[in-house]
Amino acid sequence: MKTLNYLSLFLLAFLLSYCTSQSPEENADGIIEDVHVKVNYHSPRVKGREGKVWGDMLPYGEVWRAGANEATLVIFDKPVIVEGKPLDKGTYSLFMIPEEDNWTVIFNSKADLWGTEYESVKDQNVLEVSVQPRKNNELREDLNYEVAENELRLNWEYLTIPIGISAAK
């Protein structure tokens, strides 16, 4: 009986560790001017790969789903201006193309897709803008998004990717 109890505990611990996501689902939301901005994403971890995320694990010049698993979603409850360009209210898949000095941020109208399905929906891109990454001195282990100071920010490893956002007038 003792052996069966130990075996059951081991199996339960194994199943819990197996089923726990390595990139848990997260949300960020906030207000920019009078626009409610919400981001739904899965948050990968650096896991000892400092200095190897950008350009190595995520190659420069290739489209990235801006998170893990399903495509990252950005929701605006009113029209906005993104880096000087208009974008209607709605729900968008968010993709990015990292480069050393300049990133392309892509808003796509197809909102229900796995993050690696970009090639089949790229004709539904509604906005592409360029932004400049900012280097950070402190390691950010988990990818996160924040809505603050007229920006939507992706923070991960030693970078912040700021996307300027304001309410459309």
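**Exercise 1. Is Glu151 buried or exposed, and how does the residue take part in a salt bridge?**

Solution. 
Step 1. Glu151 has a relative accessible area of 16%. Buried means under 20%, so Glu151 is buried. This value, like the others here, is computed from a predicted model.
Step 2. Look for the partner. The side chain of Glu151 meets that of Arg134 in a salt bridge, at 3.2 Å from N to O.
Step 3. Arg134 lies in strand S9 (residues 134-148), and Glu151 lies in strand S10 (residues 151-167). The two are 17 residues apart, and the pair links distant parts of the chain.
Step 4. Classify Arg134. Its relative accessible area is 37%, so Arg134 is partly exposed.

**Exercise 2. Find the salt bridge between Glu149 and Arg153, and classify each residue by accessibility.**

Solution. 
Step 1. The side chains of Glu149 and Arg153 form a salt bridge, with N to O at 3.2 Å.
Step 2. Glu149 has 68% relative accessibility, so Glu149 counts as exposed.
Step 3. Arg153 has 11% relative accessibility, so Arg153 counts as buried.
Step 4. Widen the view. A network of salt bridges links Arg134, Glu146, Glu149, Glu151 and Arg153.

**Exercise 3. How many salt bridges does the structure hold, and how far apart are the closest N and O atoms in the one between Glu119 and Lys122?**

Solution. 
Step 1. The structure holds eight salt bridges.
Step 2. In the bridge between Glu119 and Lys122, the closest N and O atoms are 2.9 Å apart. The cut-off is 4 Å.
Step 3. Check accessibility. Glu119 is at 55%, so Glu119 counts as exposed. Lys122 is at 41%, so Lys122 counts as partly exposed.

**Exercise 4. In what order do the six strands of the open sheet run, and which are the edge strands?**

Solution. 
Step 1. The order is S1-S2-S3-S6-S7-S8. The pairing is antiparallel.
Step 2. Strand S1 (25-32) and strand S8 (125-131) are the edge strands. Each of these edge strands pairs on one side only.
Step 3. From one strand to the next, the twist averages 25°.
Step 4. Strand S6 (residues 90-97) and strand S7 (residues 103-108) pair in the antiparallel sense, over five bridges. Phe95 has Ile106 in S7 as its bridge partner.

**Exercise 5. Classify the aromatic pair of Trp64 and Trp103, then that of Tyr92 and Phe107.**

Solution. 
Step 1. Start with the count. There are 10 aromatic pairs.
Step 2. Trp64 and Trp103 lie 6.4 Å centre to centre, with 80° between the planes. Planes over 60 degrees apart count as edge-to-face, so this pair is edge-to-face.
Step 3. Trp64 lies in the loop between strand S2 (35-42) and strand S3 (72-76), while Trp103 lies in strand S7. The pair therefore ties together parts that are 39 residues apart in sequence. Both Trp64 and Trp103 are buried.
Step 4. The ring centres of Tyr92 and Phe107 are 6.2 Å apart and the planes are at 85°, so this pair is edge-to-face.
Step 5. Tyr92 lies in strand S6 and Phe107 in strand S7, so this pair ties together parts that are 15 residues apart in sequence. Tyr92 and Phe107 are buried.
Step 6. Finish with the cluster. Ring pairs link Trp54, Trp64, Trp103 and Trp156.

Conventions
Residues numbered from 1 in each chain as written. Predicted model: local features only at pLDDT ≥ 70, side-chain atom pairs only at ≥ 80, totals over all residues. Heavy atoms only, no water. Pairing = 2+ DSSP bridges. Helix = DSSP H or I, 4+ residues; strand = E, 2+ residues; numbered from the N terminus. Axes fitted to C-alpha atoms, helices over the stretch in contact; angles between N-to-C directions. Phe/Tyr/Trp six-rings, centres within 6.5 Å; stacked < 30°, edge-to-face > 60°. Buried < 20%, exposed > 50% of the residue type's maximum accessible area, 1.4 Å probe, protein only.
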